[in-house]
Amino acid sequence: MSRIRVRSPKELRGQRRRRAHGCWDHLVVAVLWPMHEVNLGTLLRTCDAVGACLAVPRLPWVPEALARGNTLRTRSCVHWTGHDPVRWLIDQKSRPETTVVGVELADEAVRLGDLKAARNRTIAVLGHERTGIPPEAVDQLDVVVEIPMIGTGSSLNVAVAGSLVLYRLAGLS
């Protein structure tokens, strides 16, 4: 007989929030240069899991991608950034007690395992999947985090990278 007991859906529902969270404005993951529609819905589900919000530009395809990729039954917290991602970052950074964390390969990067949980309002910036975070946006970062990789690739899918970083910043891993 197995000693592992899997919790039932009813038990899980009793342990979680009954409604979607509103905007707590504590932890925001910013996908400012999105490439692929499927990644946004996946990242939106991670935001719900950790109590974060998603910030995205209002490109013509983004609202539909969010609606299609979001399998949650409740409304999720989405911040629309406008068409100038760097300006949006500057505006966010100017708010009191805000830390901007970039996920990027850089000499000064903190390893993911050493990243501390967010203790104040934190924006996690995810770069373009091919070119990373543009230089003009890198200037707005307070901290850079690197996800160690031993394979031949130089980056992870933006939804996977964002999920890993969000769980660390939320203090759940």
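I started at Leu 164, which sits in helix α6 (residues 158-169); helices here are DSSP runs of H or I with at least four residues, strands are E runs of at least two, both numbered from the N terminus. The model is predicted, so I noted the limits: local features need pLDDT of at least 70, side-chain atom pairs need 80 or more, and totals for chains, interfaces and linings use all residues. Residues are numbered from 1 along each chain as its sequence is written, and side-chain values use heavy atoms, without hydrogens and water.

Buried means under 20%, exposed over 50%, partly exposed in between (1.4 Å probe, protein chains only).

Next I looked at strand β2 (residues 53-56). Cys 53 and Ala 55 point one way, Leu 54 and Val 56 the other, and all are buried. In a regular strand the side chains alternate between the two faces of the sheet.

Then I checked the partners of β2. Strand β1 (residues 27-31) pairs with β2 in the parallel sense over three bridges; pairing takes at least two DSSP bridges. Ala 30 has Ala 55 in β2 as its bridge partner. Strand β3 (residues 78-80) also pairs with β2 in the parallel sense, over three bridges. Val 78 in β3 stands opposite Leu 54.

Last, I took in the whole chain. I counted six helices and seven strands. From the N terminus on, their order is α-β-α-β-α-β-α-β-β-β-α-β-α. Of the 173 residues, 42% are buried.
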